[in-house]
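Dear colleague,

Please find the structure below, for your records and for our next discussion. My notes on what was found in it follow.

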Amino acid sequence: MALDVLDITRLQFAVVTIYHYLFVPLSITLAAVTAGLHTAWYRTGRERYRRLTLLVGKLLLVTFAVGVVTGLVQEFQFGLGWSDFARAYGDVFGPVLAIEGMLAFFLEATFLGLWYFGWGRLPRLAHLATIWVVAVGTLISAFVILAANAFMQNPVAYTWDAERGRARLDSFAELMTNPVNLAAFPHTIAGAAMLGGALLLAVGAWRRWVHVPVAGGLGAPGEPEGQADHEQRLAFGTLARVGAWLTLSGGVLTALTGDVLGKVMTRVQPMKMAAAEALYTTTTGAPFSLFAVGRPGGGEPFFSLDVPYLLSVLAVGDPGATVQGIDDLQAQYVAQHGPGDYVPVVWLAYWSFRAMIGIGMLAAAVAAAYLWSTRRGRELPVRRPLVRRALRALPVLPLLPAAAGTAGWVFTETARQPWLAFGLTRTEDGISPGLTAGEALAALAAFTLVYGLIAVVWGRLVLHVVRQDLDAGSLAAGERDDAGDDAPTGPWPGDDPGDGSHGLPATGAERRRDGARAPTY
Amino acid sequence: MDLVTVWFGLVVLCWVLFFVLEGFDFGVGALAPLLGRDDHERSAAVRTIGPFWDGNEVWLVAAVGVTFAAFPDWYAALMSGLFLPFVLVLLLLAGRGVALEFRGKHSSPSWRRRCDRALAATSLGVVALFGALLTVFARGLALGADGEVTSSPGLGAGLARTLAPLASWTALVGAGAAVLAALLLGATFIGLRTTGPLRVRARRVAVVVAAAGAVGAALAALAGALSGAGPALLAVGAAGVLAVVGVLAARRHEALAFAGAGVVVAAAVVAALTAGLADGVVLASTLDPAHSLSLASASATGSTLRLISWAGVLVLPGVLGYQAFSYWVLRQRVASERVPT
């Protein structure tokens, strides 16, 4: 078998990017939820919110770390495997990456460090502000990076410089406000809310109804809620409902924004949307196919379950509208760009599109069911076998939005093929000319292995963190949760006399003691 | 001075900030399991960089991103021409970042022990690799007319395409020097940021490493003089500064010692990146000087340079400001001694 360097490099890029994009949406949501919980604690002073802030903040930190190290890879990727793309589009793409780094990434990295280590060292309001800076930073990052992807979907704001054989950037504002970006950004953020929400729902519901805290726990004397374990269960119940609301509202918003994005995409890349529907012939009043068994090589499917007129409504917004089919578009592109195959892999586009919608709707439905059955403080009937079985399946829940999001990206990237930058450069023209198949294969194997290992370790750590009881000892900030550590309590200034040896904020006395002792060494 | 030259200067500045800042956290990562005799001390050592390492690493993102934006052809030639070494750098950095962030989030000491080992191994590996890569940046790559490094057919030749530049004595010396430099930065930083036994041990390590570095630099200067190239200013200067750094560290002036080590690293990075600047070359071709990438041929067009100039003017002072603020807020020393409570 001949090793095709192009296919291996594409697969390597896909593996590395899809993996990165599992941790990014989680970080986006966890940062926002941490900020929200921290604010709730700041305003109400309730223990429950403080301890949830620490729990979600800890999940944010370990997730953000994976996002950081895999995001760094993205910064190099465009030169490693795709140097001709970097040469041709560096003027447009380079500034986007550079500005994302300078504007957003620095903010996130620096302020997350300040938040985690800033307990008791920053004034309370300033400390609260640091986590909000992180949350806003993640959104800026997402917007700017999605603008880069939008350029590949729908190149705007450039002039082709034939003399130097490269695109020249005309307007940064126009690049950022690419219609594809304006539709894809809210769609992506809503998807992120679903993924992060599903994780919190799974964690919260698991600890509320299955692995229920029984001893020790939250209650301090004078706590309004009274009993320790009860209070802790209520905290996890709050977390589950926050997660469920995020999943459900994210689901509704992905549907609404997905509709807008679909209409924009029908305009800029009609071939992609025709492939999503496996619509070969141009049709007026086109039906939407829910399920079909197609013929290899295209043409009329053996079987298709259709909703009449729905495709015309979804693609254009008018039941009588005409939707272009694959065959006509192929003929049109041959006339425009010369001979070639301009049809993406139709079965992949058709099924990834449906997987995205179907799996995403399933996750939203689970969240809605949870919200309904726990409305107004109702107890889940955990003794019923059906409920018990559903609860046992909770750990699978976060995988649903993750799968839906991945299917969405697989759809939008593969159905753009054969183009790298749509209508301008084909994928095979962007690859690094010097790259050999052996190198590409080595990189694919190495990334897969190391990323797989990181995923396993991340999973183990998350399971460990969420199994801990919500008491301060196990959720303390800083690198200080040593076993046998004699620090009794959490990162709060009032909790501990300020023993600097545990990474806690030192009191004035402690500082003086340090200062006095230092010269003896 | 035109915008291209300004941006070349800024690219160099980003790399300098990356190597000096991340250099010390590489060093701390490598030293933590050596200096810390128990879990508590190792945690204290890692805690000195806990809040900062991520912000430091973003300077690598900035350096690479700015190179991509201002000099797309330089970026493309470097990344593609050093494919496997950079993949290795990225994998080591991935393992390192994860080890650093994961170590304190688990309650088991054996978990932390494993994370510490991974942290030390990846820190040393990545610093050595970067040292070797800097010598390659200075010497250049076998660039063809299209700015690419090509290989003859065959699996072995293909794999050797981008690894071959690292197989040289210069690269080996670069790797060794980088490890010493990171250890010196790390030791002086631990000395600066801790109290207790860690601080004492870090200071001893700093003195030894500074002395070794001074001797090494002096030998390099001597070798240069004997081979007729004349004593290199960099080697002589480094030997002198490192000797002073050793004395400063011994006298407990960790801040000054750290600054001295930073100056040596910065000078070395500037020297490596500006090796061809006299001829206007950013990346030399070892095949044919005509294929070398120059400031003019590798740079982006005017509109892009103007855009990133605005972005840089508006954003970078703020970045420097809040990073300095985070160092200031979290300036308090980490105590490594066990204090009875």
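How many helices and how many strands are there in chain B? In this predicted model, chain B has 13 helices and four strands. Its radius of gyration is 21 Å, close to the 20 Å that the globule rule gives for 341 residues, so chain B is as compact as a globular protein of that length. Along the principal axes, the C-alpha atoms of chain B fill a box of roughly 70 × 45 × 45 Å. Of the 341 residues in chain B, 60% are buried. Among the contacts in chain B with a separation of 6 or more, 77% are accounted for by residues 24 or more positions apart.

I turn next to the interface. Here 83 residues of chain B are in contact with 79 residues of chain A. Several elements of chain B each supply at least two residues of the side that touches chain A, including α2 (39–47), α3 (53–70), α9 (197–226), α13 (302–329) and β4 (334–335). The largest share of that side, 13 residues, comes from α5(B). By class, the side of chain B that touches chain A has 44 nonpolar, 25 polar and 14 charged residues.

One helix pair across the two chains may be of interest to you. The axes of α14 (residues 437–467) of chain A and α7(B) come within 7 Å and cross at roughly 70°; the two helices are therefore roughly perpendicular to each other. From α14(A), the residues Ala437(A), Gly438(A), Glu439(A) and Ala442(A) take part, and they meet Leu155(B), Gly158(B), Leu159(B), Arg161(B) and Thr162(B) in α7(B). This contact has four nonpolar, three polar and two charged residues.

Within chain A, α14(A) also packs with helix α2 (residues 47–80), at an angle of about 175° and with the axes 10 Å apart. That angle makes α2(A) roughly antiparallel to α14(A). Lys58(A), Leu59(A), Val62(A) and Val66(A) of α2(A) make the contact with Ile454(A), Trp458(A), Leu461(A), Val462(A) and Val465(A) of α14(A). By class, the residues of this contact divide into eight nonpolar, no polar and one charged.

Finally, helix α1 (residues 5–44) of chain A has 40 residues and reaches 58 Å from its first C-alpha to its last, close to the 58 Å expected at 1.5 Å a residue. Gly45(A) follows α1(A) and has a positive phi, near 70°.

With kind regards

Notes: Residues numbered from 1 in each chain as written. Chains lettered and ligands numbered in written order. Predicted model: local features only at pLDDT ≥ 70, side-chain atom pairs only at ≥ 80, totals over all residues. Contact = placed C-beta atoms within 7 Å. Nonpolar A, V, L, I, M, F, W, Y, C, P; charged D, E, K, R; others polar. Axes fitted to C-alpha atoms, helices over the stretch in contact; angles between N-to-C directions. Parallel < 35°, antiparallel > 145°, perpendicular 65-115°, else oblique. Expected span 1.5 Å × (residues − 1). Rg over C-alpha atoms; globule rule 2.2 N^0.38 Å. Buried ≥ 20, exposed ≤ 12 C-beta atoms within 10 Å, placed from the backbone.
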